[in-house]
Amino acid sequence: MRNLFQEVWESVRRNKLRTALTGFAVAWGLFMLIVLLGIGNGLRHSTEANMGDISVNVMEVWGGRTSVPYDGLQEGRRIRIDETDVRITAGPDFADVIDEVAPTISQSGIRVSYGKRSLATTLEGVTPEFSAMNKIQILEGRFLNEKDMAGKRKVAVVSSRDAENLLDGSTDYAQLVGRRVRTDSGISLLVVGVFKVDRSSMGASFYVPYATLRGIYAKGQYVDDITFTFHGLASEEENEAFENRYRAILNTRHRADPTDVTAVRVFNRFRQSLMMDKGMNLLNVGLWIIGLFTLLSGIVGVSNIMLITVKERTHEFGIRKAIGATPGALIKLIIAEAVSITGVFGYLGMIAGMAVCEVVNLVLGKNSMSVMGEEFRGIVDPTVGVDVALEATLLLIVAGTVAGLIPAWKAARVRPIEALRAD
Amino acid sequence: MLIDLKDINKTYNNGQPLHVLKGVTLGIEAGEFVSIMGASGSGKSTLLNILGILDNYDTGEYRLDGKLIKDLSERQGADYRNRMIGFIFQSFNLISFKTAVENVELPLFYQGVSRRKRHALAMEYLDRLGLKDWASHYPNEMSGGQKQRVAIARALITHPRIILADEPTGALDSKTSVEVMDLLAQLNREEKVTMIIVTHDPTVAEKTRRTIRIKDGIIEE
């Protein structure tokens with residue numbers, strides 16, 4: 001081994017510039033590969049981070065319109081879901097999968113005033129479970145609890161955005177907790193907490209107990225939507241099968257075609273995140289392909305330069321063969337040189353790529369864009385891990401061997417008689 | 001008989017067929033000191049190539065130490081050359097980016113001899129040829145005579161049965177030529193190495209004990 005690399009070093013040392021220029025192409029190829037994969041990882045991580053405040057194993061259900069005629073009824077009929085649907089959802093039919101069920105109702109266009117300030121908002125009637133399902137972040141005070149529900153208390157949890165408006169721009173939300181706000185219809189609500197707004201609750205501004213809202217606004221049996229958590233559905237197929245089973249039962253109850261996906265609408269966040277994962281993996285594959293093609297030009301360069309080396313060293317290889325070198329020994333020599341060049345320069349490129357990823361991480365990773373009042377981070381942790389480094393190492397060895405194959409074959413074919421050729 | 005050639009024919013097919021060796025039959029005993037003489041184009045280089053297993057022949061039989069040398073694989077050929085034959089070339093054919101001692105070591109490298117052992121052996125041979133102080137010098141730092149002595153050390157290091165020398169004094173001045181020939185004669189005497197020297201120089205041929213003349217691909221001893 002030591003002899004082999006000494007020979008390689010001797011050969012490379014005699015052609016420093018040419019080796020460096022060729023090596024640059026390989027380094028560039030690997031640099032691009034690492035940077036691309038880093039960006040891919042950054043996008044993946046940012047999606048994960050931005051999705052991070054939403055529970056994944058949650059489905060939402062709401063009423064739509066039928067799209068096919070069924071049971072003598074025409075299509076286009078509006079479906080409204082109600083508390084019976086909530087009971088069915090929470091009932092024994094789905095006990096194997098569904099954990100917690102939270103219905104919501106809402107009343108929009110409500111004017112709320114506090115002192116001299118007032119604003120238009122939406123009241124959302126929710127249950128305490130809603131908080132966990134949507135990962136509601138409480139900034140001050142608390143979320144709604146079972147006592148609020150049981151007592152139909154007139155309490156509210158206010159969004160940070162609305163709280164800020166009511167406090168005349170102040171973010172000292174504690175000032176608002178324990179105070180009362182008044183709606184335009186004369187109802188006084190006690191603020192028990194302030195929550196941080198996030199994308200999953202874009203329109204929601206005031207959370208009040210479900211029972212309270214239902215009582216005040218005489219909502220009857222109808223609910224706006226049902227949110228429930230579930231477990232035990234791992235694959236996409238399992239998820240789809242469950243959605244179909246669930247939909248069929250609810251559709252039948254509302255006299256809609258059991259397979260009509262627009263009648264009772266079901267939105268599965270888990271399936272969406274599976275699709276997102278799929279998309280991310282596809283992106284990763286695409287980036288690998290682009291990186292590999294960039295590297296390919298470097299490999300061709302190494303192959304080319306090795307061909308020239310073999311040509312130049314024909315006489316020397318003849319001498320080596322005359323004094324006993326087997327073709328295998330020469331093949332080993334050339335492949336070792338090709339692998340060394342690709343390996344060393346590939347690693348330089350890889351290190352440079354990783355350095356750039358780290359710099360991007362330091363500079364851009366901390367930046368976040370503000371989209372509609374939400375913090376949105378474009379690229380998060382755009383770095384590659386040890387796994388990619390190992391994959392790249394393997395790739396370089398394979399690439400170097402491929403680059404050395406044709407030149408090595410040429411070297412092996414040098415005839416020992418070349419040694420006698422006067423030069 | 002160490003070398004036994006029977007009716008060797010060789011034709012080159014470069015456009016027009018060229019019949020270079022026309023039934024060469026030749027025997028050389030172990031320990032002989034032989035010169036092969038002939039004008040250029042006589043076929044002496046081709047004969048040397050065949051003797052050195054650097055080239056194939058078309059018909060006939062070549063036995064080296066009793067073994068038939070015919071249609072060998074590249075591997076076998078390399079192995080025979082490595083163990084049985086030492087080469088000395090007119091242009092020395094040292095590898096320019098290797099030091100004297102590294103050049104001498106090279107045949108042992110292809111035998112798989114350990115680094116330490118082959119270095120010690122190479123130093124020993126350089127010492128015997130009076131080049132100990134030049135061991136770490138590169139070929140371009142040495143005179144022609146010194147280079148040829150390095151090449152001789154390289155040829156000797158594997159203890160070959162035969163040394164094939166192709167115009168060994170061709171690139172040397174007359175004084176150095178005499179020294180090199182004396183050295184070869186001495187090696188033949190002391191080491192009992194069979195020495196075959198291809199030359200067109202009669203003064204070189206005189207130093208050998210037997211001269212084989214070749215003309216138009218036919219031996220006329």
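Two strands are said to pair if DSSP finds at least two bridges between them; helices (H or I, at least four residues) and strands (E, at least two) are DSSP runs, numbered from the N terminus. The structure is a predicted model, in which local features need pLDDT of at least 70 and side-chain atom pairs count only at pLDDT 80 or more, while totals for chains, interfaces and linings use all residues. Residues are numbered from 1 along each chain as its sequence is written, and chains are lettered from A and ligands numbered from 1 in the order in which they are written.

In chain B, an open sheet of six strands with mixed pairing has the order β6-β7-β8-β3-β9-β10. Its edge strands, β6 (85-88) and β10 (218-219) of chain B, each pair on one side only. Helix α1 (residues 44-51) of chain B packs on this sheet and touches β3, β7, β8 and β9 (210-215) of chain B. The direction of α1(B) makes about 150° with that of β8(B). Contact here requires that the C-beta atoms of two residues, placed from the backbone, lie within 7 Å. Axes are lines fitted to C-alpha atoms, for helices over the stretch in contact, and angles run from 0 to 180 degrees between N-to-C directions. Helix α5 (residues 144-156) of chain B lies across β6 and β7 of chain B, at about 170° to β6(B).

Strand β8 (residues 194-199) of chain B is largely enclosed by the rest of the structure, because six of its six residues are buried. A residue is buried if 20 or more other C-beta atoms lie within 10 Å of its own, exposed if 12 or fewer, and partly exposed in between, with C-beta atoms placed from the backbone. Thr194(B), Ile196(B) and Val198(B) point one way from β8(B), whereas Met195(B), Ile197(B) and Thr199(B) point the other way. Strand β3 (residues 33-37) of chain B pairs with β8(B) in the parallel sense over five bridges, and Ile36(B) stands opposite Val198(B). Strand β7 (residues 162-166) of chain B also runs parallel to β8(B), joined to it by five bridges, with Leu164(B) opposite Ile196(B). From β7(B) the chain crosses through helix α6 (residues 174-191) of chain B to β8(B) in a right-handed β-α-β crossover (with the strands pointing away from the viewer, the path from the first strand over the helix to the second runs clockwise).

Between the chains, 21 residues of chain B are in contact with 18 residues of chain A. On the chain B side, α2(B) gives the most, with five residues.
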